[in-house]
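I opened my notebook for a new chain today.

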Amino acid sequence: MRVLKIPMAVSFPLLLGACATAIPGIYTEPKAGFAAVSSQTSAAIGKRTAFAQTQAENVALKKQVHGMVHRKTISADTAVQVALLNNKGLQASYANVGLSAAEAWQQSTPENPVVSIGVLGIGAAELGVYRAIEGMIATNILDAKTRRQRVALADVNFRAAQLSAVNDTLTLANETRQAWINAVAAFEAVSYLKRAKATSDAGSELARKLGETGALNKAGQAREQAFNAELAGQLAQARLDATRAKEDLTKLMGLWGTEVNYFVPDALPALPRSVGRVTNIEGRALRNRLDLRVAKLGLEAQAAAFGLTDQTRLVTDLEIIAGFETEREAEDGETETETTPQVELEFAIPIYDTGKARMRKAELAYLQAANVLAEKAVNVRSEARGAETAYHASYKIARHYRDVLVPLRQTVEEEGLLSYNGMITNTFELLTDVREKLGASLEAANAKREFYMAQADLTAAIYGGGAGSGGAGGEGATLAAGGGAGH
């Protein structure tokens, strides 16, 4: 049997394709990129994250979440932690990091050579079985030449995916914290309206009895009963708002089944004694905002894409094809075999598409990314300044209600009670004082809610995750569970 040797021309494409096959380990890890996401999230808001890829990991997280919320009154920090462990949309964002790592892995891998084998003259009588054999191996030279640029672009996208995942995490944390604030504030409003309703019920009942005796005319009776009816409608609406607010929190935490049996406090915690000035708010935001860093990576990606376009401006496809042809010929009853090496080069001739249009598109894409980054920097500065202004202003407003308006209403109520005991004022005037004091308390509670929302927005303005970046808990006092069993 004759053994045919493949010439060096055949093995050359294999050697060419074997170049630069080293794959960085950061792309091939089972949870590629997630460690960076977790560490950056922890540094920003001090919360733990998890990326569950197996059934066992999902079961373990479910048990942990169940222990944190089932039939318990949860704080804002607990709500945020549960959301970061249990929200499935966040898990999808983490999976996107793995997808970008897999893309970088694939770009780092050389393109497989294409092998073709042909047999000519099958069944030729004079030659036995066949007349000739052709074997070819095709390797894309342009793929090897541009691999470094493509890997660099894929790496930029991989890092951008990590930052986007961190920003998604901070966004979820901020939304969950604010949902907790809304839910607790809604139940606090319900408690004040219930007390006002109880006072109104007493006034309405008194008006009814006085009307029966003729001591109060129909207009006076209708006035008290109308107020009582309006308050009943407001209380029903407040209860509905509280239920919806808690459901919004439940959705962000990803809870269902028995896990929805949890409670939130009856009231937001008291205002802190003071709030400090946040120094260099714009500089901190520019250093830490993740959406700004994503925009910077977008500019870097466009620069890498521009370089890749430049590399392929004239030649968009270049392949080297090497192989051999073995041919048998029969003469005078003897068969001779001849093997001939072959090398071919295939490329597109840039007659019509000279690459100018693609270069122009790449230039404009880079210019677009640069302007997006510049606009983002301006917006980040503005959001930081606005968040700081709102933070301090809302604190002053809340303190004004707490320290000025509520004490004044309390004094009016106490003096009215003394006058009532001295038979100077009547019962309806006393009930009016009580209602106005409860109304002032409700306004103070709303102002307190606005402060804690502004507190959450301040940290989101520094680290990302707010409406403009589209994170995190506020600075100053930590929100904890208030008094009461909760709802």
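The entries below follow the order in which I looked things up.

**Ground rules.** I am working with a predicted model, in which local features need pLDDT of at least 70 and side-chain atom pairs count only at pLDDT 80 or more, while totals for chains, interfaces and linings use all residues. I number residues from 1 along each chain as its sequence is written, and side-chain values use heavy atoms, with hydrogens and water left out.

**The whole chain.** I found 12 helices and four strands in the protein chain; helices (H or I, at least four residues) and strands (E, at least two) are DSSP runs, numbered from the N terminus. Of the 487 residues in the protein chain, 42% are buried, where buried means under 20% relative accessible area, exposed over 50% and partly exposed in between, with a 1.4 Å probe and protein chains only. The accessible surface of the protein chain comes to about 25400 Å², and carbon and sulfur atoms hold 56% of that area, computed by the Shrake-Rupley method with a 1.4 Å probe; for residues, only the protein chains shown count as cover.

**Confidence.** I looked up pLDDT, the predictor's confidence in each residue, from 0 to 100. The protein chain averages 77, and 70% of the residues score at least 70. Confidence is lowest in helix α1 (residues 8-17), with a mean of 45, and highest in α5, at 95. Over residues 420-424 the pLDDT stays under 50, and the model has five contacts beyond four places in sequence for them; contact means heavy atoms within 4.5 Å. Residues 471-484 also have a pLDDT below 50, and beyond near neighbours in sequence this stretch has 55 contacts in the model.

**Two serines.** Where does S75 lie? I found S75 in the loop between α4 (55-69) and α5 (76-86), and S75 is buried, with a relative accessible area of 14%. The side chain of S75 makes a polar contact with the side chain of T78 at 3.2 Å; such a contact is a pair of N or O atoms within 3.5 Å, and within protein one must be able to donate a hydrogen and the other to accept it, while residues adjacent in sequence count only if both atoms are side-chain atoms. S100 is in helix α6 (residues 88-108) and counts as buried at 11% relative accessibility. Leaving aside neighbours within four places in sequence, S100 is in contact with N157, F158 and A161.

**Rings.** Rings of Phe, Tyr and Trp (its six-membered ring) pair if their centres lie within 6.5 Å, and planes under 30 degrees apart count as stacked, over 60 as edge-to-face and the rest as tilted. By this rule I have seven aromatic pairs. One of them is Y27 with F158, which is edge-to-face, at 5.6 Å centre to centre and 85° between the planes. This pair links distant parts of the chain, with Y27 in helix α2 (residues 25-28) and F158 in helix α7 (residues 141-213), 131 residues apart. Y27 is buried at 5% relative accessible area, and F158 is buried at 3%.

Why is the pair of Y395 and F451 tilted? The ring centres of Y395 and F451 are 5.3 Å apart and their planes are at 55°, so the pair is tilted. Y395 is in helix α11 (residues 356-421) and F451 in helix α12 (residues 427-463), 56 residues apart. Ring pairs link Y391, Y395, F451 and Y452 into a cluster.
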